[in-house]
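Good morning, colleagues. Please have the viewer open as I speak.

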Amino acid sequence: QPEKKVDKIMNHNANASDNGSAIKIALGDTLTVDLPYETTVPGQTAWTFDDNFAFSQCLHMGSIGAKDGVRTMQFVASAIGTVAIELRQFRVLALQTASNITGTYKLAVTVSES
């Protein structure tokens with residue numbers, strides 16, 4: 001009898017140094033993105049998604065958290081395809097307009113069958 005292949009779910013990590021890059025993950029895998037943010041008022045910042053991410057069929061938000069100046073977002077690969085995670089950073093109290101962006105982050109994620 002042939003040996004049964006056991007698919008191992010992997011967690012992939014990305015951070016600020018991966019900005020602008022591409023990553024390949026498998027269906028069912030998780031992707032954890034850690035990005036720094038400013039915690040002190042009045043310079044406090046927050047990360048928001050570009051408008052297109054909500055329509056992603058490939059990745060779904062698993063969890064989101066923040067601790068000690070690091071924003072942690074975890075995504076679950078739920079369908080085969082490619083999506084860009086595009087984030088913008090703003091000061092917390094600023095209007096979210098192009099002129100108020102303090103940082104951007106982009107990661108192209110391709111989800112494959114294995």
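Let me begin with a definition: rings of Phe, Tyr and Trp, the last taken by its six-membered ring, pair if their centres lie within 6.5 Å. Please bear in mind that this is a predicted model.

How many aromatic pairs does a search of the whole structure find? The search returns one. In general, a pair of aromatic rings is described by the distance of the centres and the angle of the planes. Here the partners are phenylalanine 49 and phenylalanine 75, with 6.3 Å centre to centre and 85 degrees between the planes. Planes over 60 degrees apart count as edge-to-face, so this pair is given that label.

The pair links distant parts of the chain: phenylalanine 49 belongs to strand β4, residues 45-49, and phenylalanine 75 to strand β6, 26 residues apart. Phenylalanine 49 is partly exposed, at a relative accessible area of 27%, whereas phenylalanine 75 is buried, at 0%.

I turn now to the nonpolar core. The largest one has 21 residues, and Leu31, Val33, Leu59 and Val109 have the most contacts inside it. Two or more residues each come from β2 (21-26), β3 (30-36), β6 (70-77), β7 (81-91) and β8 (101-112). Of these, β8 gives the most, with four residues.

Leaving aside residues up to four places away in sequence, valine 33 touches Ala14, Arg71, Thr72, Met73, Phe75, Tyr105 and Leu107. Phe75 on that list is the buried member of the aromatic pair. Arginine 71, also on the list, lies over the face of tyrosine 37, 5.6 Å from the ring centre.

Definitions and conventions: Residues numbered from 1 in each chain as written. Predicted model: local features only at pLDDT ≥ 70, side-chain atom pairs only at ≥ 80, totals over all residues. Heavy atoms only, no water. Core = buried A, V, L, I, M, F, W, Y, C linked by side-chain atoms within 4.5 Å. Buried < 20%, exposed > 50% of the residue type's maximum accessible area, 1.4 Å probe, protein only. Contact = heavy atoms within 4.5 Å. Phe/Tyr/Trp six-rings, centres within 6.5 Å; stacked < 30°, edge-to-face > 60°. Lys NZ or Arg CZ within 6 Å of the ring centre and 35° of its normal.
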